[in-house]
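Here is a short briefing to read with the structure open beside you. Take the topics one at a time and find each part as you go.

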Amino acid sequence: MTINPEELARLFIAGEDAQAMKNILEYLETHSRKELFTNVLTPTMYHIGVLWERNDISVADEHLATAICDFILSATEERNVQNDRAEGKVMVMGLEGEDHYLGLKMVASIFREKGWHVQYMGPNLPLDHALDAAIRQKPDVIGLSAALAYRLPALKTYIRAFQQLDKPPVILIGGRAMKLADMTALEEEGAIVVRELDELEQWIQSGKEQSHEQHNFI
Amino acid sequence: MNIEAKQQIAKYAMEMIYEAHPDLWERFGERGVLHTEKDNIHHLDHLESAYAVGQSQLFTDYAVWLETVLVSRNVETALIIENFQILIDIIPEKLSSEEESFMIRCLQEAIQHLDQSAPKGTRL
């Protein structure tokens, strides 16, 4: 079974969450969750963004669609696996003022599937609170997301602050903004730019192989 | 640029636009005023980001996106261009010369792009 993102967008906007969920559960019988994220939910939400840009749908429609997508992300996730031997600890968060969070949830979910201990902090986390949490939790990795290109200066500020920690975490940067502008400036700051969930998966896999070789995490 | 400076510029830009086009009150009401100020903060945020990464294209891309959003809501391309022109006039007093010249170049490039892409009938 395949799902046409524009058709799914229509169901989201119409508030037909039960039908949307039914289609997605059928899709998941033959596809992975990463495929669902990459090939279905992300293009669906991008299409909804385009409809809003063209004034074809309202802010309320867009919020309804986001809420249904959020519900689907949560409802299709398996969290009943007790992970006593986590591959590592990752904190996933959105910058202060950044309200987009669906991509963050997808990233958190991919990490969980790969056996990581995930602390999903949600969107809009002010830097002082993020730093405080990082000092207490000492994550191996911090995942930051920015949907809009104008978050770049704030991303730089967050990256620099996390790098000042006693045990600086690896910093992964993702989100739609990565596709909208050249991110060399952030890479120069020492962050790793992840443009697609495929890239994230590859990065997790290569880090795991490296750690097994070195008996040392990443 | 701190938030107070941005708010000051945004308010001034809004006042200049509404002074030049009093019909905007009738067309968009109080909401239009609020949106104009808010939009100008966004323009400045994007200019700042473009400067931070040294890419004027980032602002041009934003201008193209903005045009789609505003034209579909009955705001003419010419008004966006005029707004950017007002920013070119205001910004010099507020920034360092390097940042100022970069942002003005961004605004000029965006104006040129919008001017070329604007279909006939969208100009005031």
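Axes are lines fitted to C-alpha atoms, for helices over the stretch in contact, and angles run from 0 to 180 degrees between N-to-C directions. Two packed helices are described by the angle between their axes and the distance between the axes. Keep in mind that this is a predicted model.

**Helix α3 of chain A and its partners**

- α3(A) and helix α5 (residues 102–113) of chain A pack at about 175 degrees, and their axes are 11 Å apart. α3(A) is therefore roughly antiparallel to α5(A), since angles over 145 degrees count as such.
- Which residues meet here? On α3(A) they are A:Arg33, A:Lys34, A:Phe37 and A:Met45. On α5(A) they are A:Leu102, A:Met106, A:Ser109, A:Ile110 and A:Glu113.
- This contact of α3(A) with α5(A) has five nonpolar residues, one polar and three charged.
- Helix α2 (residues 17–28) of chain A also packs on α3 (residues 33–53) of chain A. The angle is about 125 degrees, with the axes 9 Å apart.
- α2(A) and α3(A) are therefore oblique to each other. The crossing of α2(A) past α3(A) is right-handed.
- α2(A) contributes A:Ile24, A:Tyr27 and A:Leu28 to the contact, while α3(A) contributes A:Arg33, A:Leu36 and A:Val40. Five of these residues are nonpolar, none is polar and one is charged.

**Helix α1 of chain A**

- Which residues of α1 (residues 5–13) of chain A are buried? They are A:Leu8, A:Ala9, A:Leu11, A:Phe12 and A:Ile13.
- The cover over these buried residues includes α2, α3 and α4 (59–75) of chain A.
- After α1(A) comes A:Gly15, which has a positive phi near 75 degrees.

**Helix α3 of chain B**

- The buried residues of α3(B) are B:Leu58, B:Phe59, B:Thr60, B:Tyr62, B:Ala63, B:Leu66 and B:Glu67.
- What do they pack against? They pack against α2 (23–53), α4 (77–90) and α5 (97–117) of chain B.

- Most residues other than glycine have a negative phi.
- A:Lys138 is not a glycine, yet its phi is positive, about 45 degrees. A:Lys138 sits in the loop between α6 (127–137) and β3 (141–145) of chain A.
- Is A:Lys138 buried or exposed? A:Lys138 is exposed, because 12 other C-beta atoms lie within 10 Å.
- B:Asn74 is not a glycine either, and its phi is positive at about 65 degrees. B:Asn74 lies in the loop between α3 and α4 of chain B.
- B:Asn74 is exposed, with 9 other C-beta atoms within 10 Å.

- A:Asp198 is part of α10 (residues 197–214) of chain A. A:Asp198 is exposed, with 12 other C-beta atoms within 10 Å.
- A:Asp198 and A:Ile48 are 150 residues apart in sequence. In space they are 23 Å apart, C-alpha to C-alpha.

**Where the chains meet**

- How many residues of chain A are in contact with chain B? Twelve residues of chain A touch 15 residues of chain B.
- Helix α7 (residues 152–163) of chain A gives the largest share of chain A's side, three residues.
- That side of chain A has seven nonpolar residues, one polar and four charged.

Definitions and conventions. Residues numbered from 1 in each chain as written. Chains lettered and ligands numbered in written order. Predicted model: local features only at pLDDT ≥ 70, side-chain atom pairs only at ≥ 80, totals over all residues. Contact = placed C-beta atoms within 7 Å. Helix = DSSP H or I, 4+ residues; strand = E, 2+ residues; numbered from the N terminus. Nonpolar A, V, L, I, M, F, W, Y, C, P; charged D, E, K, R; others polar. Buried ≥ 20, exposed ≤ 12 C-beta atoms within 10 Å, placed from the backbone. Parallel < 35°, antiparallel > 145°, perpendicular 65-115°, else oblique. Left-handed = near helix turned anticlockwise from the far one by under 90°.
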